[in-house]
Structures are given as C-alpha cells and as structure tokens.
Amino acid sequence: MSHSGPPGIAIAFHSGYGHTAVIAESVARGAANAGAEVVSISVDTITEKQWAQLDAADAIIFGSATYMGTASAAFHAFAQASSKRWFPHAWVDKLAAGFTNSGAKSGDKSSTLGYFATLAAQHGMHWISLGLLPGWDSTRGSEDDINRLGFFLGAGAQSPTDAGPEAVHRSDIATAEHLGERVARQAAIFRAGRTALAV
C-alpha cells in the first residue's frame, strides 16, 4: 500500500431493496468530500478486481441491512469468503467502520454493527466508531437531529418497510455522510503517520 496521496476508502455493502444502497452512497459522499478516493462494492456481485481494491484500501466500511438480527445472507457469504484474506493477514491494521439499516427504529441494529466490529477484529483491523452524541434524546430534539437513533458503534438508519429508497430519512443520510467523513479523516491521519515513520 502506498503511503502518499489521498487515503483510499472501500465500502463493502449489500442492499436488498435499495435503502441500504442510499446509505452506502451517503457514506461514500462524505468520505469523498473529506478528500478520500472512494470505491463502492456490492458484495453479492464482487469480482476479483474488487477484492484487490479492498486489499489496497486504507479503510473498509462494511454495510448491510439488518435481517433477523444480523447482516444479510449475502454479506455473511462475503465475510466468510474474506477468510482468504485472513490467512495471510491481508487486512491487518486497516481501518474499519460500519453502517446498517432496518425497518424498525431499533430493529436490533446493534447486533449487526457488533458483527461488523467482530469481523474487523478477526482481520486485525482498527474500528472507527461514529463519534457522535445521540440526537433526538430530549424534548428539545427532533427526528431531524443527526444520529437521531442514538447509535455509537456505527451509523444506524431506519427506513419504512412500505416505502422505497426515496424514503430514507435525511437525518440518516447526514449521519452516514458524517461516518464517511470521520473514517476519511482518520485514514488520512494513519497514512500521514505511516509516511512519517517511513522517512
């Protein structure tokens, strides 16, 4: 991995109905706005070239809708396939983060974010949390507050089950953008540190 230039961020996600894809796009936009080079990879159609892009990235952000208390079956298949990277420690010391979406405001999304963090830990990666205080937690707050659902481990979004991707809440989009920006900033710091150590 080169230590010069902008950090590379890869977003590895699965979206069943399009809502989670909107969140992935928001994460990508936030990371790009913070100066990162971003690639988005839908894990159910991942190619060898895209595996190589994950290997080359400074940070990987995992994403999936929460189904039955965990990530989708397609994401689990991707995670199991990543064991080929586990043996040679290909992702050790990369940064990692995560986001998820469900129909309910809770929906056991913390289980999915915890799964992503465990996957990252198995690969020896460094987890980046959301870094936001909870919104909408007082009588003065509203559902338009950033981090309106109050997650800490990663970005959580809620989308109505009877509406399309256009119904993804603007607060959740802003929260996802923040996550992308935060990971990009941390990746830039890590990259600068590696450059300094290499001098």
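Predicted model: local features only at pLDDT ≥ 70, side-chain atom pairs only at ≥ 80, totals over all residues.
Close-up 1. Trp-136 is not a glycine, yet its phi is positive, at about 50°. For background, most residues other than glycine have a negative phi.

**Close-up 2. Met-68, an exposed residue with a positive phi.** Here the setting is the loop between β3 and β4 (70-71), where Met-68 has its place. Met-68 is another non-glycine residue with a positive phi, again about 50°. With a relative accessible area of 84%, Met-68 is exposed.

**Close-up 3. Strand β1, covered on both faces.** Strand β1 spans residues 8-14, and seven of its seven residues are buried. One side carries Gly-8, Ala-10, Ala-12 and His-14, the other Ile-9, Ile-11 and Phe-13, and all of these are buried. Trace the chain from β1 through helix α1 (residues 19-33) to β2 and you have followed a right-handed β-α-β unit.

**Close-up 4. Helix α2, with its buried residues on one face.** Gln-50, Trp-51 and Leu-54 are the buried residues of α2 (residues 48-56). Viewed down the axis of α2, these buried residues fall within an arc of 105°, so they line one face of the helix. Turn to the other side of α2 and you find Glu-48, Lys-49 and Ala-56 exposed. The cover over the buried residues of α2 includes β1, β2, β3, α3 (73-81) and α4 (83-86).

**Close-up 5. The largest nonpolar core and a separate one.** The largest nonpolar core holds 27 residues, and those with the most contacts inside it are Ile-9, Ile-11, Val-27, Ile-61, Phe-99, Leu-179 and Val-183. Two or more residues each come from β1, α1, β3, β5 (95-102), β7 and α6 (170-198), with α1 giving the largest share, seven residues.

Close-up 6. The 14 residues of α5 (residues 109-122) reach 20 Å from the first C-alpha to the last, close to the 20 Å expected at 1.5 Å a residue. Buried in this helix are Lys-109, Thr-112, Leu-113, Phe-116, Ala-117, Leu-119 and Ala-120. Seen down the axis of α5, its buried residues fall within an arc of 155°, and therefore line one face of the helix. Ala-121 and Gln-122, on the other side of α5, are exposed. Among the elements covering the buried residues of α5 are β3, β4, α3, β5, β6 and β7. Just after the helix, Gly-124 adopts a positive phi of about 75°.

Conventions. Residues numbered from 1 in each chain as written. Heavy atoms only, no water. Buried < 20%, exposed > 50% of the residue type's maximum accessible area, 1.4 Å probe, protein only. Helix = DSSP H or I, 4+ residues; strand = E, 2+ residues; numbered from the N terminus. Right-handed = clockwise from strand over helix to strand, strands pointing away. Arc of directions from axis to C-beta. Contact = heavy atoms within 4.5 Å. Core = buried A, V, L, I, M, F, W, Y, C linked by side-chain atoms within 4.5 Å. Expected span 1.5 Å × (residues − 1).
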